[in-house]
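Here's a quick tour for anyone meeting this structure for the first time. Have a look at the sequence and the 3D view, then read on.

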Amino acid sequence: MTDKMIAKLKDIYARYEELSQKMSDPAVISDTAEWTKTAKAQAEIAETAQKYAEYTEAERRLNDAAEAEKTESDPEMKEMAQEEIQRAKADMERLREELKLLLLPRDPNDGKNVVMEIRGGVGGEEAALFAGELLRMYSMYAQRRGWRTEVLSASETELGGVKEGVVLIEGEGVFSRLKFESGVHQVKRVPETESSGRIQTSTATVAVLPEAEEVDFHIDPGDLKIDTFRSSGAGGQHINKTESAIRITHLPTGVVVECQDERSQYKNKDRAMKILRSKLYEAEQEKQNAAIAAQRRSQVGSGDRSERIRTYNFPQGRVTDHRLAGDVKNFAIDAVVNGGLDPVIDALVTADQAARLVEARDNY
């Protein structure tokens, strides 16, 4: 590792020790807010600090074994020292690579929940059916990961497709995994609506927004125009009699959000505000980080919704992610569409880390 990396790791370890001592301070323990803030700051650097401690310990073992190898006259002890030198070197090399990844700048949204929007694109009813299948795929993936899902809004077609679906996904590290899913998804297959057996290409778009809490992004109530209206679609007499559906317009930006899935006007408003807050939060981040976004558009996980990121080819039984190279870009379609997304996302995470390591070389 370079001197610059070592200096940074020493600073992180010193900060970790400082925070650990602070957490045992009676004054901090008695202040719940301060203790929580300190614990969160410590947790963010804990893995890096602990890995660095392991690295320094391996370095100490290497130096001790090297000294023993030089001074020992007993052949058996000398051989043991040589074996320890090899073990310590291997440990140092492994920890060096792990620490390089830990020193990469972290996305501040990685720990957030996600508001995911899925819309049918080109292809009419077949595109809506595909969008519905993507919604099912992500729901099954969330279940495998132990995450919680809540459909905030859904506009279904007569054949069971989804024109537009918005789902909240809550759990540990949700955004860090799903942020790579933003973009245009393409499907190639013979649609149920096609009588001649021709393969059709259709698309759906996926947008992954970090859920924004009120502390992340403040919305001035004076900037909102809130309308109520009667829900449309199936629902019986209640739908026709009660204006429970909500439409919220953010006047400064023109962003409009509608929610009509719940019978309670209050619940619909709460859901609509979650979606609106996340949309405005994302827009503000994109504006503030335009330079960074321009750099990352050439990397894995750019999140550009105009970019075709993946093709689901049913006749060939494979899913191809166009941001990956070689054999690693193809995956078994049956596993993926039934929620087995981890191999795809793992490959994207690895490629993203590799690209950022190259970018970070100048800094270290």
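Let's start with Glu 76, which sits in helix α4, the stretch covering residues 75-102. Keep in mind as you look around that this is a predicted model. Is Glu 76 buried or exposed? Its relative accessibility is 55%, so Glu 76 counts as exposed, the cut-off for that being over 50%.

Now for some positive charge. Lys 188, Arg 308, Arg 318 and Lys 329 gather in a positively charged patch on the surface.

Take Lys 188 from that group: you'll find it in strand β4, residues 183-189. With a relative accessible area of 30%, Lys 188 is partly exposed, because that label covers values between the 20% and 50% cut-offs.

Strand β10 spans residues 318-321 and holds Thr 320. Which side chain does the side chain of Thr 320 make a polar contact with? That would be the side chain of Asn 330, at 2.7 Å.

Over in strand β5 (residues 200-210) there's Pro 210. Pro 210 counts as buried because its relative accessibility is 2%, and buried means under 20%. Pro 210 and Ser 278 are 68 residues apart in sequence, yet their C-alpha atoms are 6.3 Å apart in space.

Note on methods:
Residues numbered from 1 in each chain as written. Predicted model: local features only at pLDDT ≥ 70, side-chain atom pairs only at ≥ 80, totals over all residues. Heavy atoms only, no water. Helix = DSSP H or I, 4+ residues; strand = E, 2+ residues; numbered from the N terminus. Buried < 20%, exposed > 50% of the residue type's maximum accessible area, 1.4 Å probe, protein only. Patch = residues over 30% accessible without salt bridge, like charges linked within 9 Å, V, L, I, M, F, W, Y side chains within 5 Å. Areas by Shrake-Rupley, 256 points an atom, 1.4 Å probe, with all protein chains shown as cover. Salt bridge = Lys/Arg side-chain N within 4 Å of Asp/Glu carboxyl O. Lys, Arg positive; Asp, Glu negative; His and termini not counted. Charge placed at Lys NZ, Arg CZ, Asp CG, Glu CD. Polar contact = N/O pair within 3.5 Å; in protein donor to acceptor, adjacent residues only side chain to side chain.
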